[in-house]
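I open this notebook to record what I looked up about a ligand site and a helix beside it. The entries follow the structure.

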Amino acid sequence: MESITAARKGTASAATVAVPDITSGGQADVQARQETDGFHLLIDALRLNGIDTIFGLPGIPITDLTRKAQAAGLRVISFRHEQNAGYAASIAGFMTGKPGICLTVSAPGFLNGLTALANATTNCFPMILISGSSEREVVDLSQGDYEEMDQLAIARPLAKAAFRVLHAEDIGVGVARAIRAAVSGRPGGVYLDLPAKLFPQTMDAEAGGKSLIEVVDPAPRQIPSGEAVQRALELLKGAAKPLIILGKGAAYAQADADIRTLVEKTGIPYLPMSMAKGLLPDTHEQSAAAARSYVLPEADVVMLIGARLNWLLSHGKGKTWGGKTSREWGGQKFIQVDISPQEADSNVRIDAPVVGDIGSCVSAMLAGIDAKWPKPPAEWLNAIAERKSRNITKMAETLAKNPTPMNFHSALNVVRDIIKANPDAILVNEGANALDFTRSIVDMYKPRKRLDVGTWGVMGIGMGFAIAAAVVSGEQVIAVEGDSAFGFSGMEVETICRYKLPVCVVILNNNGVYRGDEVNVTGGRDPAPLGFTKDARYEKLMEAFGGVGVHVTTPGELREAMEVAIRSHKPTLINALIDEKAGTESGRITGLNPTAKKT
Ligand SMILES: Cc1ncc(C[n+]2csc(CCOP(=O)(O)OP(=O)(O)O)c2C)c(N)n1
Ligand SMILES: [Mg+2]
């Protein structure tokens, strides 16, 4: 905290030759120092704004920055690949509402982090990718510098905003602009380009301190207009078959109590999108998740809260929504509660847009809902309840089976029990079948506990998300991974062991992408493109770094291994062997997969 205090007083932590430059220390230390530099100004600017963790990977020109940041009291989580550090930063942003910071070296390190930055922008996660870069003069003349690349230009189309700082006295402004851009309005990924020459630049410590900005109200409330709220409430009130869809924007908003009250006061059935699961417990009687394919085409008024009508909701039209063709509108009326005024009408007409931050919108709607608010017609609720109970019974029968070899259902039945018994645990999930089955089988009970592949369905978030979840929350993390999905970030098990994080990785191992029984149609020696090494011993990877590795083939063994992992909080990798024939191509999105015509 001294550094923040010093900065507020107008004295940045400083480094001169005569003074040990680790933290900004007590008063005497501050007085002795007259100069500060780019390294210290950046650290002070981050700390001044409440940033306490950096996810990154050291090297030229940011090696010293990682050391000095740690010495100044920031938590520095050092990864094995920048993409994983980037995913970690982005999900830390989602969980906390503060921008997650990813720090990389220039060109290749920057590019490695860029996928995560683009993914953050797509998913509306607030993150700042800070990359060191090479000398401007050399880069701009294409003279072949070490790791030469015009990073700012490359980042710009993939980021919500991108900035470069050339002078030490502008670091405060650069960090402030990056923070505001990342978290205000619709959050997203921001790129901050810091050329190598910036870091050792020195300036007067007092002037440096004064140049820093503590951002006031970085994510200001955006109050919806009374007229928009009224329009939405009237539409909702007149509905015969209303439905609420909660998106991850609703989870991000941290307006959990008001959202629950809105759902319960109106009595309207709701569907949670994947990362909104647990905003209300999945076992809530108003959840229509087990009757999804019934409610989407049947509903007459749909209120989207922090959910976009993108591909995950079939663009609000087509057969999913009761249209006669794959492109026809089903006739529903939509209310869309969203922070971005540009979101409405992106795919179909929005009859009642409510623009503002989700918390303000939901509380404004609540103010217009009194005790006389009519509950939805009983026929609608009964029809949903009937479908739900039929589907839940069917699912229970499937889950109760105990086939040999183990399949997704019998394995996930165990994970379902474990999460029920440990509702504070955070579930990270990626894969195709491993994702789809987990989402539908494993109930979540608390908000922001399910972290997954998001809008892009991207593989590779697994270990980065798991590490950030453990670091940010201190809670037990359970990462349910397809064997292919795990491979994208598997080396980070070393990071999990190094930082001694309570992460239990469960690999649903079916020997390949989607399934493991394909053969090379030519009969040649190469394996089929989708198959992996049979019976690979992934658990040994965890053992290599001092964690616990377990190889399981039955639900009983899986349960035992997960219980031990949770009790011990030790880094654990459970390699759960799944029937290699138990999976469908692309999981639930087979329809999006173009296949060659049979010849
Ligand atoms: C970055 C990235 N590369 C490739 C894909 C395509 N893809 C979708 S799911 C998947 C892996 C599915 O296999 P696995 O994780 O083993 O899950 P399973 O279906 O076998 O349970 C791949 C490669 C992707 N979504 N993202
Ligand atoms: Mg697989």
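I began with polar contacts (pairs of N or O atoms within 3.5 Å; within protein, one must be able to donate a hydrogen and the other to accept it, and residues adjacent in sequence count only if both atoms are side-chain atoms). A polar backbone atom of Gly512 lies 3.0 Å from an oxygen atom of ligand 1. For Ala485, I found a backbone N or O atom 2.9 Å from an oxygen atom of ligand 1. For Ala432, the corresponding distance is 3.2 Å. Of the 590 Å² of accessible area (Shrake-Rupley method, 1.4 Å probe; for residues, only the protein chains shown count as cover) that ligand 1 has on its own, the protein covers 75%.

This is a predicted model, in which local features need pLDDT of at least 70, side-chain atom pairs count only at pLDDT 80 or more, and totals for chains, interfaces and linings use all residues. Residues are numbered from 1 along each chain as its sequence is written, chains are lettered from A and ligands numbered from 1 in the order written, and side-chain values use heavy atoms, without hydrogens and water.

Lastly I checked H18 (residues 433-441), where 7 of 9 residues are buried, meaning under 20% relative accessible area (1.4 Å probe, protein chains only). Asn433 is one of these buried residues.

Terms used: Buried means under 20% relative accessible area, exposed over 50%, partly exposed in between (1.4 Å probe, protein chains only). Helices (H or I, at least four residues) and strands (E, at least two) are DSSP runs, numbered from the N terminus.
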